[in-house]
Each structure stands twice: as C-alpha cells, then as structure tokens.
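Here's a quick tour for anyone meeting this structure for the first time. Have a look at it below, then read on.

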Amino acid sequence: MTTQEMTRKAKPRMPASRLLTYAVLIVAVAATLLPFVWMFLGAFKTQGELLRRPITWWPEQATFENFLLWFNELHIGTFFLNSIVVAVSTVLGNLLFCSMVGYALAKMDFPGKRFLFVLVMVMLMVPGVVTFVPLFVMVSKLGLVSTYPALILPFLAAPMGVFLMRQFIMGIPDSLIEAARIDGAGELRTFLRIVLPLCGPPLATLGILTFLGSWNNFLWPLVVAQTEDMYTLPVALSLYSTGQNATDYGLLLAGSVLVITPILLLFIALQRYFIQGVAATGIK
Amino acid sequence: MRGGSARRRRNALVAWLFALPFVLVFSVFMLGPLVSSFLMSFTDFTARDIDDPLAVGFVGLDQYAALFGNQQFLHSVSNTAYFVIVGIPLTTALALALAVALNNGITRFRTAFRVGFYTPVVTSIVAVAVVWRFILQPDGLLNVILGWVGIAGPDWLNSTTWSMPALIMLAVWRNLGTLMIIFLAGLQNVPADILEAAAVDGANAWQRFMRITLPMLRPTLLLGTVLLSVGFLQFFEEPFVMTKGGPLDSTLSVSYFTFNQFGFGKYGLASAASYVLFVAIALLSLVQFRALRSKD
C-alpha cells in the first residue's frame with residue numbers, strides 16, 4: 001500500500017457540508033417517492049381502512065378486492081389492450097417514418113428541404129389543443145370516431161422524432177454513405193444496410209419516448225374514444241375517477257397502480273436510456 | 001456533367017419519397033388542422049356544422065371579441081398565468097439546486113438519486129393526479145404530515161385560495177426530474193479547470209456558482225425553461241382529474257376552457273381560444289430566448 005492510498009483510507013470522515021447535502025437529498029427523494037408508496041399501500045386497503053383516522057400505513061388486512069373489481073367488472077383487459085395496440089403501432093410508425101425523413105433531411109439535397117425542416121421545428125411548439133378541434137371534425141366526417149386509426153394515425157410521425165433522427169444521422173460520416181453509393185447501392189439499400197444499423201441509440205431513445213408519450217397521452221384519446229371498448233387506460237381511469245366512483249379511493253388507487261406499474265417497470269429496466277433520451281433531445 | 005439535371009431530379013424524387021410517409025401524416029394530421037383551426041376561429045362553426053363544414057358563416061373577429069368579453073375565459077387566462085408565473089421559477093430553481101447538489105455536492109449514489117427524482121416524470125398525469133387527489137383530502141396524507149409540525153392544512157382542492165397552489169405543487173413534483181436531467185447535462189459542460197482556477201484565486205463556492213457556472217449554463221437554462229413553459233401553458237389533466245376546474249373556476253386553465261367550449265359544441269370559439277394560447281406560447285418562448293440571450 002502506498003502512502004497516498006493510506007492517507008486516503010485514513011481520511012476520517014466526509015466534510016459536514018457533504019453530509020448535509022446527503023441528508024437533504026435523502027429527505028427530498030423520500031418525499032418525491034412518497035406518493036407512489038402511498039398509492040401502492042392504499043391500493044391494498046379496504047374502503048373502511050382508507051377512510052379511518054388516524055391513518056394506517058401498512059394495510060391491516062391486505063385485500064385484492066380493488067384489483068379484482070378492475071379485472072372482473074370494469075374490463076381493464078380491454079383498456080390495457082387498447083393502450084398496448086396504440087402505443088406499439090405508434091412506436092413502430094415513428095421508428096420507421098422519422099428515420100426515413102431524418103435520413104432525407106440529413107444526407108440528401110432536394111428542393112424544399114429547408115422549408116420542410118422549418119415546418120418541423122415550428123410544429124414542435126404547437127400545443128395539442130390547437131389542432132384537436134378540426135382533427136375531431138375530420139375524424140367524424142370520415143366516420144372514424146372510436147376506432148384504432150383515429151387513436152393512432154395522428155401520432156405516427158412526431159416532429160420531435162424527425163429532429164432527433166436528423167441530428168443523429170447528420171453525424172454519420174458522408175464517406176460511409178458515399179462508399180455504399182459508389183458500390184452501386186440505391187438509396188433504399190444504403191438506408192437499410194448502412195444508416196439504420198448505425199442508428200441504434202437514437203432509435204432506442206425515440207422508441208422509449210414515443211411509447212411513454214403514447215401510454216400517458218390523454219387529451220386526444222379522451223376526445224376520440226367515445227365508446228367504452230375503445231378507452232385507453234388513462235381515459236378509463238379519469239372517467240371512473242370523476243364519475244360515480246369518484247370517492248372509491250381503493251378502486252382508484254388500484255387503477256393508478258395498474259396504469260403506472262408497466263411504465264415503472266420499463267423505466268427501472270431501461271432507466272439509462274430514458275435519462276439519456278431526455279438529455280439528448282434537450283441538449284442537441 | 002451529362003445528365004446532371006436528370007439525375008438531380010431523380011435524387012429529389014427519391015428524397016421526397018423518403019419524406020413521403022412523414023409528410024402525409026404531418027400535412028393531414030398536423031399542418032391541415034393547424035390551418036383549419038385558424039380559419040375556424042373566424043367562423044361560427046358549431047357541432048351541427050360537421051355534416052357540411054363549408055356552409056358555416058364568416059364572422060370576422062367576433063369569436064375573439066366574444067372571448068375577451070367572456071369573464072370565464074379571462075379568469076382562465078389569469079389562472080394559467082398564475083400557474084406559469086409561480087410554477088416555472090419554482091421548478092427551475094429547485095431543479096437547478098438538485099442538479100448542482102448531485103453534480104458537486106456528493107460523490108456516491110448519484111444514479112439512485114437521479115432515478116428517484118426522475119420517476120414522477122414517466123408516470124401518467126391522470127394516474128398521479130388521482131393519487132394526489134387522495135393525498136390532498138382535508139384529512140389526507142399531506143395534512144397529516146403537516147399536522148406533525150403543528151400546521152393545520154387547508155381543504156386544498158375545495159378552497160379557491162389553495163386549489164391552485166396544490167396543482168402547482170403537483171406540477172413541480174412531476175416536472176422537476178426533466179429539468180434536473182437537462183441541467184445535469186449542462187453542468188457537465190462547465191470546464192472543471194476554470195472552476196479550479198477561480199478557487200485558486202480565492203473565489204468561494206457561491207461566487208464560483210454565480211460568476212462561472214450560472215453564466216455558462218445560460219443556454220441550458222433557456223432550453224429548460226422554454227420546454228417547461230410550453231408544457232405548463234397547456235396544463236389540463238391536473239384540473240380535469242383533481243378539481244374539474246373548480247372550485248368557482250379557480251383552477252380552470254385555458255386548455256380546459258377550450259376543451260369545455262368544444263364539449264358545448266362551440267367549435268369556432270374553442271378554436272379562437274386555442275389560437276390565443278398558441279400565440280401566448282410562441283411569444284413566451286420568444287421573450288425567454290431574448291431575455292436569456294441579451295446578456296451575452
């Protein structure tokens with residue numbers, strides 16, 4: 001052991017300021033996570049226990065009743081399936097379409113390119129409330145209210161995804177693409193064989209962010225899913241939580257658990273990609 | 001080069017083919033509605049006109065005039081302003097403090113803290129709003145905890161005074177993580193050697209933060225606040241699930257007002273309201289870009 005290592009080991013304790021920082025951060029992170037803990041605990045309590053005061057922390061008589069109600073009487077399977085179908089289709093569409101147009105914007109010259117890119121950037125700022133009224137009129141005219149196409153089509157190619165893919169593909173060396181072209185590969189072949197295989201990281205980011213956005217999306221599904229068989233999870237939860245079940249907190253907390261848990265598991269498994277994704281879309 | 005222009009035309013065609021799926025989705029579902037909504041805001045379009053949209057009457061600026069004469073709309077504007085003016089600085093300051101603490105204040109467990117603070121971001125607003133509604137009951141968890149330190153908490157969601165602070169609390173909680181991550185990435189770009197040089201010259205931690213870190217973080221701060229404002233100006237789910245816009249419209253946002261007018265079938269008025277919001281978002285972004293750039 002060198003002297004340097006020994007002094008480092010012998011260092012008595014961390015400075016007080018750092019200790020204080022840890023203490024504050026631990027309290028803050030506990031407060032941040034408390035609502036989730038409270039949700040999980042509450043979902044297993046009976047209505048009687050939820051209303052009783054003083055409050056109880058651990059469920060005295062853990063019950064699955066709240067969850068069973070969702071499965072047996074409120075058709076959560078249907079809402080779950082709807083959310084999955086919509087999210088998966090939206091993700092696949094975005095992965096393909098955003099990378100295609102991203103490639104064109106990054107590596108090809110064509111008239112109207114600048115204009116197209118400016119439009120994409122402007123569209124990033126447009127709030128959902130601005131487009132949903134005419135969108136609903138159009139969907140009604142086409143007879144698509146309460147159908148999968150109405151839930152999926154408007155989100156198949158998001159401007160944010162185009163921006164993300166373009167930024168990444170611009171960083172791929174031109175020489176790689178030129179080499180493929182000289183070898184006689186067409187653009188489609190170059191795209192599929194050279195560009196796409198290099199796009200793993202941004203595609204992962206785009207896939208995760210799109211899935212998240214779709215799973216949690218609310219305003220448009222609320223407007224366009226008007227029959228119960230087409231509700232997505234958030235729509236179903238919001239309508240039950242404001243309807244006749246508004247005070248049945250056991251049921252509502254169990255519903256929240258069912259909506260949040262799949263994303264939470266995904267987040268814990270892929271947290272690195274989630275966080276990289278935010279940093280990437282934010283910084284570039 | 002022979003055939004140069006023919007080849008260029010062919011290349012352009014190929015490029016547009018690559019862009020085609022996006023351009024179709026974009027034109028039909030985004031650009032088209034954006035333009036239609038603008039046009040609709042100058043008509044008396046109602047739910048009954050869906051069958052024959054071209055038969056609506058042109059009413060000029062009447063919808064906008066009606067909007068700015070509508071007490072409920074004005075109330076929703078001031079509510080939205082309240083939400084943004086308090087919520088944005090609060091979220092930004094807390095996120096910056098967290099980012100600095102994680103970046104400079106500690107050496108271990110960074111990832112665990114980051115994941116913890118980021119968790120609310122990934123969850124559905126509807127689901128967390130349901131949970132928060134439960135926590136904010138008069139005898140709910142928050143008031144129980146406040147009771148431990150001797151504070152008698154209000155009936156948050158049924159008080160015109162406290163309903164908005166409660167929604168802001170939820171919004172800060174849910175958006176803190178996003179900004180924290182963006183700021184952390186920004187802090188990584190502040191060169192360590194400059195900070196060390198300043199420390200050698202006798203600058204204390206606060207001076208280093210104010211004179212070096214903060215100015216270098218300006219572009220990141222700008223980006224973070226713009227992203228946040230675009231989201232905050234549109235808030236809708238929180239009051240929809242937690243308060244229905246009440247009590248007495250004290251949490252009715254512009255988005256919620258627009259949604260309600262749509263529900264009443266007043267599509268022209270809804271479009272006008274949504275355009276006012278759009279302009280506000282564009283203007284605020286512009287102002288923030290200017291404000292944060294001007295000191296360069």
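Let's begin where the chains meet: the contact takes 72 residues from chain A and 74 residues from chain B, with two residues in contact if their C-beta atoms, placed from the backbone, lie within 7 Å. This is a predicted model, so local features need pLDDT of at least 70 and side-chain atom pairs count only at pLDDT 80 or more, while totals for chains, interfaces and linings use all residues. Residues are numbered from 1 along each chain as its sequence is written, and chains are lettered from A and ligands numbered from 1 in the order in which they are written.

On chain A's side, H2(A) hands over the largest share, twelve residues. Helices here are DSSP runs (H or I, at least four residues), numbered from the N terminus. Here's how that side splits by class, with Ala, Val, Leu, Ile, Met, Phe, Trp, Tyr, Cys and Pro as nonpolar, Asp, Glu, Lys and Arg as charged, and the others, Gly among them, as polar.

| Class, chain A side | Count |
|---|---|
| Nonpolar | 53 residues |
| Polar | 14 residues |

Now for the inside. The largest nonpolar core has 159 residues, and Val101(A) and Phe22(B) are among those touching the most other members. Such a core is a set of buried Ala, Val, Leu, Ile, Met, Phe, Trp, Tyr and Cys residues joined through C-beta atoms within 7 Å, buried being 20 or more other C-beta atoms within 10 Å of a residue's own. Helix H7 of chain B (residues 163-188) gives the most to this core, 15 residues. Leaving aside neighbours within four places in sequence, Val101(A) is in contact with Val162(A), Phe18(B), Ala19(B) and Phe22(B).

Definitions and conventions: Helix = DSSP H or I, 4+ residues; strand = E, 2+ residues; numbered from the N terminus. Buried ≥ 20, exposed ≤ 12 C-beta atoms within 10 Å, placed from the backbone.
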